[in-house]
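We will go from stop to stop, with something to select at each one.

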Amino acid sequence: MSITATEIVLPGRVEPHGLLVTQRELSAPGSGQALVQVEASGVSFAEQQMRRGKYYDQPAFPFVPGYDLVGTVTAVGADVDPTLVGRRVAALTKIGGWTSHALLDAADLVRVPASLDAAEAETFVVNGITAWQMLYRTAKVQPGQTIVVHGANGGVGSTLVQLARANGIRVIGTASARNAEAVEELGATWIDYRGDVPQQVRALAPEGVDAVFDHIGGPGINDSFELLAPHGTLVSYGTAATKNDEGNSRLPVLKLFAQLLVWNALPNKRNAHFFNLWAGKRNLTRFRNRITEDMGKVFDLAAQGALRARVAARIPLTEAARALELAESSTVVGKVVIVADARA
């Protein structure tokens, strides 16, 4: 048995219109594998950086991007539970998600509640697991505490806000003025990122905040750290401020690591961490168990209605270039989702 998969290939450092639509023959699932017919895959900041050759540990060109996916299992190999066939599942892939069919290790699949639409469920895969683990495993925020979420209208940011509010955590969210209403609807107190952010935060939390979640990096990371109350935690998870800078893509990240190490070495009673979703993968069994547990909790909250999916657009796989352009335009609220072509 073999199947022809339609894939989107990133051939090099190109503009979105340089993406290639290709086809490849996939073999039958081997031992421990499952064949997934992909229904939805997201466009995240990672793919936007990968096309620039600036994502920290991306593979060599060419490759198929796609950090995560949601789809239905159509076949399984030996040593895989046969009842998985026909189930809707999600997976973190890092690359390879922009395809019509994917061969994956069955142990990496997380079951998706039947009540969740595929595109809606997709918005909670990488965004949901990132937000959950940063909030509860890294920062260990408790009900009644106060946090700052930069980019509260974005994919991870909006999920962070919703998870926090569902657990009684006060949220101050930065965003542009045009996204103020959307941020307030999520339950956060909006502040304008173009204004004096430290001044605005201190007006709302004079004693400082318990955690700051910062995907921006750059010089502003210093302000984020200074917003912390004693025993507060800064969680950095990106360097968006340098996304268009030329030169070695690792340097901004390494500089950020160094700054965080310095802060942690000082007797300032505050903590600073860089969140890496893939940390701990050397212990693969433990890593998979955590992903399954945490993603399962996020999906349960979504199925209960405690989390609201924010799908900015659903764009067919073969129009992935348009999806990437839209995601990079900064004109949408929510996540751009690539969905299966109707004819597939």
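**Stop 1: the core**

Start by selecting Trp 98, Ile 147, Phe 213 and Phe 299: these have the most contacts inside the largest nonpolar core, which has 72 residues. A nonpolar core here is a set of buried Ala, Val, Leu, Ile, Met, Phe, Trp, Tyr and Cys residues joined through side-chain atoms within 4.5 Å. Buried means under 20% relative accessible area, exposed over 50%, and partly exposed in between, with a 1.4 Å probe and protein chains only. Now colour helix H9 (residues 284-304), which supplies the largest share of this core, seven residues. Helices (H or I, at least four residues) and strands (E, at least two) are DSSP runs numbered from the N terminus.

Before moving on, note that this is a predicted model: local features need pLDDT of at least 70, side-chain atom pairs count only at pLDDT 80 or more, and totals for chains, interfaces and linings use all residues. Residues are numbered from 1 along each chain as its sequence is written, and side-chain values use heavy atoms, with hydrogens and water left out.

Next, zoom in on Phe 213. Leaving aside neighbours within four places in sequence, its contacts (heavy atoms within 4.5 Å) include Met 134, Ile 147, His 150, Leu 160 and Tyr 237.

**Stop 2**

Select strand E9 (residues 170-175), where five of the six residues are buried. Strand E8 (residues 146-149) runs parallel to E9, joined by four bridges; two strands pair if DSSP finds at least two bridges between them. Then trace the chain from E8 through helix H4 (residues 155-166) to E9, a right-handed β-α-β crossover. Right-handed means that, with the strands pointing away from the viewer, the path from the first strand over the helix to the second runs clockwise.

E9 also pairs with strand E10 (residues 189-192), in the parallel sense and over four bridges. Here Gly 173 stands opposite Trp 190. The chain gets from E9 to E10 through helix H5 (residues 180-185), and this β-α-β crossover is right-handed.

**Stop 3: Leu 10**

Now select Leu 10, in the loop between strands E1 (2-9) and E2 (20-27). Is Leu 10 buried or exposed? Leu 10 counts as buried, at 2% relative accessibility.
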